[in-house]
Amino acid sequence: MSKFLTGRAGTWTGFAAAALVLFGAAPLLLSGFRLGLLAQFLCYAIVAVGIGLAWGRGGMLTLGQGVFFGMGAYLMAMHMKMADAEFRNGPGSVPDFMELAGIREIPAYWVPFASPAFTIAAILILPTAFAVLLGFAVFKRRVKGAYFAILSQALAGAFAILLIGQQSMGGFNGLSRFRYFFGYNLDDPINQQMLYFIAAGILLVVLAVALQLRRSRYGELLVAVRDAEERVRFLGYDAANIKVVAYAAAALFAAVAGAIFVPIVGIISPANIGIVPSIMFILGVAIGGRGSLIGPVIGALAVALAQSALSEQFPSAWTYAQGLLFIVVIALLPGGIASIAAATKRFRREPVTAEAPA
Amino acid sequence: MPQRFKFRARDVARTFTASAAVTALALTAACGSRAGEETAAAESCVDTSGDTVKVGALNSLSGTMSISETTVRDAIYLAVEEINAAGGVQGKQIEIVAEDGASEPTVFAEKAEKLIREDCVAAVFGGWTSASRKAMLPVFEDNDSLLYYPVQYEGLEASENIFYTGATTNQQIIPALDYLAETGVKSLYLVGSDYVFPRTANAIINAYAADKGIEIVGEDYAQLGSVEFSTIVNQVNASGADAVFNTLNGDSNVAFFREYANVGLTAEEMPVMSVSIAEEEVGGIGVENIEGQLAAWNYYQTVESPENTTFVEAFKAEYGAERVTSDPMEAAYNSVYLWAATVEKAESFAVEDLQAAADGVSFASPEGTVVIDGDNHHVTKTARIGQISADGLLYTVWESEGPIEPDPFLEGYDWAADLKVTE
């Protein structure tokens, strides 16, 4: 079983099966609403793949992925608000929420986002460049472990606070009420399905990229840095460079996920990008199993699904059930859901240790 | 010279090929309508053939807003029970589908869509923050369904798919300013949380003040949830303003009023007019810190009317004698009755029938009769200035002469011309 999953042929079978489920079964079986919800969960899964790389393989506890998710999301939202205003009131019109905030002229930094090409380039480049700069500043100084985690979390908190104070970025309410996505009506069910396909496609691409990184020489160096950074340095490698690549890749994945999240969900606000959402990203990865390729995806989907299903069943008590679920999974399966096969094998082989102490 | 790590060209090429293949696959999927084209309206799945009709109750039952929003949910449940006991709507019993908005706008949007598309509810009651309403608005418009929103808000909005049963600015903020002006206030200090409601409210206050010759001596914003108020309160103290207009939200009020009392400021010396402090909040702030201060709402538990006596008694009988009733609760209670009355008038549960029938629908509510304005989907409301007394309740010290017509875009006020928004 495990050999099959890690082998070359197994990989292609795995990808084909995932594609079949995402592109075939899901759209056939799920209602439009459920498919939209799945699309939203896929965005979290894309973020999770990046965290799996940076944390699971690279040992960097990225507690602040909300920053990059938020950058991607806000950049996309800025374009969509500009396009909405232009379509309704002609070029140069002020987006509706700015009128409410008493802003009569479009701020200069909003203007270039009228262009779709500029927006896409910005989504791909800005968060990644920010991650590279930050990564160099942090990793060159050999900041790691808890200090790095605290730093990234503080960054997520600061970013949310910064946005709440910016009325020209929607403030506390965030940006919402989008009508078009690159010229397509968002209220059309066919276009909503299209967005789902795009999210599913991005997830597969991101998984393929992560897989290549893991299997390359670089991937082995990354694990080596995680397990024994000093030794890698003694061998003549610059550990900081190795870490920056994984950190930047995770940032890029999060930014792309944020960008597609906006048209799918229809709103982005500081509540989606601060400390709590950042922790939820990590939690999904921890529950799924940070070390494996598919574990973070499973974890992110499972956490989101559990949250949605439990809150529908028990609207006023679901948070307790969710907390219990986290405790049970982490206590019984420290390696996450992906380690379930290994855990049962160990359980069978060593029946004595599994028995309760007298 | 440090060693370098390289990516093999073969790996990179393979990854890009795979990416390109998947992208192509995604793009070959059919595309829907483009901007400007008509979209086929989503078919409503509301089923009214049985003995029951489903409605949604969407309130934050977890997260920071739950303390306020659970009280609104209680009021919604009370109204539904009363209507059911009296025979239901169009002979059908109302069945509530409850969902948790979790104090998060995205969750509000998600759950609203679930209620409309999966549970097929005829209408949804709930929401509190403007952020949650703005997140839900596109969902209700795209799926052509109805939301009844029960909280006072910043105005400048009118959606075909939302009925606003709380006050808009001309039913709360402007009457509060009129009251202050009547009592001889010549200068004001504005304190608010940094988000859209206080910002919009203060824009209106500035325009009003400029017209009426009131001086605005200071305008400060605290971050939402901030509890550090010594700087702001010291500035307020030093400003010598005649009164303070307070649009702070939530926990910040506790810190603000404690600090206010600490530096020795009193309601007699420099009264504070608040628009977000109701019966529920007074206990948290501590009566001793806030006694004598003013609030602007449309309803207090102490309003004297037979309808209110019945409402308060029913509420306490259901949820306990220690509970209090507040303005948003009353507005939520009214919203259920207004929906039911509209359904009875339209003899239909269909959204377009309710939209057509809504104008003039009225309800003899605890605050006085409220009437729906069919043009802007708001309701007429009586403005009341209340004073906080030692027993923790608010007592009316001034009220408007009858209900005020809703004017969300302030079209009836010349001084507000610059505030207008094109919709």
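**The largest nonpolar core**

Guide: The largest nonpolar core holds 243 residues, and those with the most contacts inside it are Ala45(A), Ile46(A), Val47(A), Ala199(A) and Phe253(A). Helix α11 of chain A (residues 239–265) gives the largest share of this core, 23 residues. Domain 1 (52–166 + 309–380) and domain 2 (170–299 + 385–419) of chain B both contribute residues, so the core lies between them. The model is a predicted one.

Setting aside neighbours within four places in sequence, Ala199(A) is in contact with Ala39(A), Leu42(A), Cys43(A), Ile260(A) and Ile264(A).

Next, the contact between the chains. Chain A gives 57 residues to it and chain B gives 56 residues. On the side of chain A that touches chain B, the largest share, 11 residues, comes from helix α8 of chain A (residues 189–215). That side of chain A has 28 nonpolar, 22 polar and 7 charged residues.

Within chain B, the centres of domain 1 and domain 2, taken over C-alpha atoms, are 27 Å apart. Their contact takes 25 residues from domain 1 of chain B and 17 residues from domain 2 of chain B. On the side of domain 1 that touches domain 2, α2 (66–85), α12 (327–346) and β12 (368–371) of chain B supply at least two residues each. β12(B) gives the most to that side, with 3 residues. By class, the side of domain 1 of chain B that touches domain 2 of chain B has 7 nonpolar, 12 polar and 6 charged residues.

Conventions. Residues numbered from 1 in each chain as written. Chains lettered and ligands numbered in written order. Predicted model: local features only at pLDDT ≥ 70, side-chain atom pairs only at ≥ 80, totals over all residues. Core = buried A, V, L, I, M, F, W, Y, C linked by C-beta atoms within 7 Å. Buried ≥ 20, exposed ≤ 12 C-beta atoms within 10 Å, placed from the backbone. Helix = DSSP H or I, 4+ residues; strand = E, 2+ residues; numbered from the N terminus. Domains from an automatic or database assignment. Contact = placed C-beta atoms within 7 Å. Nonpolar A, V, L, I, M, F, W, Y, C, P; charged D, E, K, R; others polar.
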